[in-house]
Amino acid sequence: GFGGNDMVYLYKKLDIPVYFPQDELVFNAEVIIPGRQTREVFQIQDIRFGFDRSRIDESSRQYLDKVIGLMLAYPGLQLHVKGYADALGNETYNMKLSLLRANAVAAYLSRNGNLSGRISVEAYGEKNPVALNQNQDGQDNPFGRMYNRRVELTFDHLPDGISVSSMNDLPDDLRVR
């Protein structure tokens, strides 16, 4: 509780110039009490795939192991696994490929974390690109397409002690406006 011997005084030095023109000085201060409210921030990132591939690489597996840890620590969490493809190839094929990617991620999570019933899978094909598939002149943009071959994770029922932030490593010049 507050009071007693656990009182902590925090000081902030203010330099107010001699020629300060007002009679009153009003300032807003946000006080964060250390050790009282710890919030865990979980960094969300896309799982990316090689061209025409649905295999999860080693660095993505390491990240997914962290997702499993989070899911096990918070049993109420629900996870949405959303698969995407780039715009090369026909739409039907890309829809299938995006589903394969999402299923590969969901299978890895279920196999290694016993999370059945807590994961939903959705496939979007080449919809909702985050990066340019083509340059303005119509030329192919393989670097941009790389960002679109992805699986996105979103969480439902986040408990109070945790928040998520997105790791955004998409270069500005490739971003879909």
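I began at arginine 48, which stands opposite arginine 150 in β5. This is a predicted model, in which local features need pLDDT of at least 70, side-chain atom pairs count only at pLDDT 80 or more, and totals for chains, interfaces and linings use all residues. Residues are numbered from 1 along each chain as its sequence is written, and side-chain values use heavy atoms, with hydrogens and water left out.

**Entry 1: the sheet.** I noted that 2 bridges join β2 to β5, and that these strands run antiparallel. (Two strands pair if DSSP finds at least two bridges between them; strands are DSSP runs of E with at least two residues, helices are runs of H or I with at least four, and both are numbered from the N terminus.) I then read the order of the open sheet of 4 strands as β2-β5-β3-β4, with mixed pairing. β2 (47-48) and β4 are at the edges with a single partner strand each, so one side of each has no neighbour in the sheet.

**Entry 2: glycine 83.** I looked up both partners of this residue. Strand β3 (residues 78-83) runs antiparallel to strand β5 (residues 150-156), and 6 bridges join them; here glycine 83 stands opposite valine 151. β3 also pairs with strand β4 (residues 119-123), in the parallel sense, over 5 bridges. In β4 the bridge partner of glycine 83 is alanine 123. From β3 the chain crosses through helix α2 (residues 91-113) to β4, a right-handed β-α-β crossover (with the strands pointing away from the viewer, the path from the first strand over the helix to the second runs clockwise).

**Entry 3: the two helices.** How do the axes of helix α1 (residues 58-73) and α2 cross? They come within 10 Å and cross at roughly 55° (axes are lines fitted to C-alpha atoms, for helices over the stretch in contact, and angles run from 0 to 180 degrees between N-to-C directions). α1 and α2 are therefore oblique to each other (under 35 degrees is roughly parallel, over 145 roughly antiparallel, 65 to 115 roughly perpendicular, and the rest oblique). I listed the contacts (heavy atoms within 4.5 Å): residues including Leu64, Ile68 and Leu72 in α1 meet residues of α2, among them Val105 and Leu109.
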